[in-house]
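Below are some notes on the aromatic side chains and one surface patch. Please read them next to the model.

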Amino acid sequence: MDVQYPPVVAPPHKSSLQKFKVKLKETLFPDDPMRQFKGQPFGTKIVLAAQYVFPILQWLPQYSLKLFKSDIISGITIASLSIPQGISYAKLAGLPPSFGLYSSFVPPLVYAVLGSSKDLAIGPAAITSLVLRSMLTQGVSATSQPQLFLQLAFTSTLFAGVFQAALGILRLGFIIDFLSKAILVGFMAGVAVIVSLQQLKSLLGITHFTKKMTIVDVLSSVFSNIHESLKKPKYFWVSAGAPLLSVITSTAILFAIRGKHPAILVIGKLPEGVNPPSVKMLYFEATHLGLAIKTGIIVGILSLTESIAVGRTFAAIRKYKVDGNKEMIAIGLMNVIGSTTSCFASTGSFSRTAVNHNAGAKTAMSNIVMSVAVLVTLLFLMPLLHYTPHVVLGAIIVTAVIGFVDIPAAYRIWKIDKFDFVVMLTAFFGVIFISVEYGLALAVGLSILRILLQITRPKTVMLGNIPGTRLYRDLHHYNQATRIPGFLILSIEAPINFANITYLQQRTLRWIEEEEESMKDNSVFRFVILEMSAVSNIDTSGVSLFQELKSALETKHIKLALVNPLAEVIEKLTKADESDSFIREDYLFLSVGEAVGKLSSIMENSPSVTMQQEQPPYM
C-alpha cells in the first residue's frame with residue numbers, strides 16, 4: 001500500500017517582529033526563566049523574583065538543624081584546606097599571604113547569597129592566580145613595585161567581575177563555550193608544569209629567580225642559580241598531602257628552632273583583622289589601564305569556565321540544576337565586591353569543591369561556615385602563621401596543580417578526535433614555551449578556524465537506498481546502501497549561507513559531472529535530489545545557490561528536487577520565486593523515498609530519448 005504524503009508547504013505567516021522575538025528568545029533565553037511567573041498572583045511573582053535574584057531564599061526558609069550539622073562539618077573541612085591554599089595562592093599571584101585569606105572570607109559569603117550551586121566552594125585558585133601574576137608582570141614588577149602591582153590586581157579583579165556579571169546579565173554565556181574540553185586539558189596541563197617549575201624557587205631555596213613564566217626561562221634560572229639552593233634542606237620532606245597538617249607541623253618546628261636556620265625562608269608577620277577596604281586602591285590611570293582590562297577579561301573567562309564546569313559536574317552527581325547565567329552574575333558580583341575589600345580574583349576550584357562534596361555539604365551554608373572559620377583565623381590566629389616556611393607553601397601549590405596534568409583525558413581526546421588533540425597540544429606547548437595568554441589564544445584561534453572550516457566546507461554526502469526499506473543513507477557509511485539508477489541523491493548537512501555557497505555549487509556540479517562520466521550508454525541521468533533536513537537556515541546568498549544550480553542543470557536536461565526543506569528555508573525560497581518558475585510543488589517532497597517513487601514513475605512514463613531531447617519542466 002502506497003503511503004500518502006502531505007504536500008510541502010510554507011509555514012504560517014509571521015511578522016518580522018514576531019520572528020525577531022522568537023529568535024531573540026531562543027538565542028538568549030533557551031531556558032525561558034520567565035515561565036515560572038505565568039499565571040501566578042502578584043505576591044507570588046514578587047517572592048519568585050526575589051528567589052530568582054537571591055537563590056539563598058529558595059533553601060533558607062526550609063533550612064534545618066540536620067542540614068546545618070552536615071554543612072558545618074563540610075565548612076570546617078574546606079576551611080582547613082582553604083587557609084593554607086589561600087596563603088599559597090596569594091604567593092603564587094605575587095601578593096602578600098594575607099590577601100589569600102581575605103579572598104577566602106568575603107567572596108564565599110557573597111556567593112552563598114547569589115550562587116545556585118550547593119557544592120561549589122569559593123576562594124582563590126591556582127590557574128587564576130598564576131594568570132593574574134603572569135599577565136600583570138608584563139608591565140609591573142611584583143617585587144620592585146609591590147604597591148602598584150597590588151592596585152592592578154584589585155583593578156583586574158574588578159574588570160573580571162564586571163565582565164563576568166555582564167555575560168550573565170546579557171545572557172552571553174555561550175562565549176565561554178569557545179574554551180573546549182581539549183583547550184582546557186592542554187591549558188591546565190601547561191599551567192601545572194609552569195606553576196610547579198616556579199615553585200623550585202621555594203623548594204630549592206633560590207633567591208634570584210626569574211619572573212618570566214616560560215619553561216625555557218624558568219629552567220635557565222634554575223640551572224644558572226643552582227649554587228644558591230639549600231644543601232638537602234632538613235624540612236624538605238614535609239608533605240603537602242594534608243595542607244593544614246603540613247602548615248601546622250612545619251610552623252611548629254620552625255618556631256621551635258627559630259633563629260637557628262635563617263636560610264629557611266618563612267612568610268613572616270601577617271596583619272591581623274578583617275579585610276581592609278580597597279576602593280581607593282583601584283587604578284584607572286591610562287598607563288596600565290589596558291593591562292588591567294586585558295588581565296581581567298582573561299582571568300574572568302578562565303574562572304567562569306572552571307567554576308561553571310565544576311558546579312555542573314557536581315550538580316549532575318546530586319541530580320540538581322545549576323543556572324549558568326545566575327552563576328556568571330554571582331561570580332561576577334562576588335569579584336566586584338571582592339575588589340573593593342582587598343580580594344583578588346576568586347572562583348570555585350575543583351579540589352575544594354570535591355572536598356566540600358565528599359564531606360557531606362548540603363547547601364551553600366558550607367561556604368558561610370568556611371568564611372567564619374577564615375574570619376576567626378584573621379582575627380586571632382595570624383601570629384601563629386609567622387613561621388610557616390615557603391617550602392611548604394610551594395609544596396602545597398605543586399600538590400594542588402599536579403592533578404591538572406590529566407593524562408587519561410588527553411588519551412581520550414587522542415582516541416576520539418585527532419584535531420582536538422592538536423588543539424590540546426597547541427594550548428599546552430603555547431603556555432609553557434610562549435606565555436599563558438598567547439597559548440590560550442592560539443588554541444582558541446585554532447578551534448575557531450575549525451568552526452570556520454565547518455561553516456565554509458559543510459559536509460555533503462551521497463545517499464543510497466538500503467535494500468528492502470525506504471531508507472536512504474550515506475553510501476560511504478552503509479556498505480549495503482545502493483545507488484538508484486538515474487538519480488543523484490545528495491544530503492547537505494549544514495546551513496547554507498554566503499560563506500559556503502561557492503563550495504556547495506562547485507561540489508554539487510563536480511558530483512554531477514562525475515555521475516555523467518560514469519554512466520553507461522543505456523543509462524539516463526535524470527534527477528538531482530537534495531535532502532535538506534539538516535539545512536536549518538538559509539540567507540539571500542544561499543537562495544542564489546538554487547537559482548544557479550537550476551540554470552546549470554537546464555543545459556544538461558536534469559531536474560532538481562528538494563526533500564524536506566525546513567520552515568525558514570522553504571519560506572525564503574518561496575518568497576524568492578515570485579514568478580513561480582523556481583519552486584514547483586511537484587518537485588518538493590517530504591522524504592527521499594517519496595521523491596524517488598514519484599520521480600521514477602515519471603521516468604517510466606516517458607521515453608528516455610524523448611526526455612533527453614525535450615526541455616524539461618524545472619523547479
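1. Phe 487 and Phe 527 are both buried (under 20% relative accessible area; over 50% is exposed, in between partly exposed; 1.4 Å probe, protein chains only). Their ring centres lie 5.2 Å apart with the planes at 20°, so the pair is stacked (centres of Phe, Tyr or six-membered Trp rings within 6.5 Å; planes under 30 degrees apart are stacked, over 60 edge-to-face, the rest tilted). Phe 487 belongs to strand E5 (residues 487-492) and Phe 527 to strand E6 (residues 527-531), so the pair ties together parts 40 residues apart in sequence. Strands (E, at least two residues) and helices (H or I, at least four) are DSSP runs numbered from the N terminus.

2. The model is predicted: local features need pLDDT of at least 70 and side-chain atom pairs pLDDT 80 or more, while totals for chains, interfaces and linings use all residues. Residues are numbered from 1 along each chain as its sequence is written, and side-chain values use heavy atoms, leaving out hydrogens and water.

3. The count of aromatic pairs is 9. One of them, Phe 429 with Phe 433, is stacked at 6.1 Å centre to centre and 25° between the planes. These two residues are 4 apart in helix H19 (residues 418-433), about one helical turn. Phe 429 is partly exposed at 40% relative accessible area, and Phe 433 is partly exposed at 46%.

4. Ring pairs also join Trp 59, Tyr 63 and Phe 68 into a cluster.

5. The charged end of Arg 507 sits over the ring of Trp 511, 3.7 Å from its centre (NZ of Lys or CZ of Arg within 6 Å of the ring centre and within 35 degrees of the ring normal). Lys 118 lies over the face of Tyr 320, at 4.9 Å from the ring centre.
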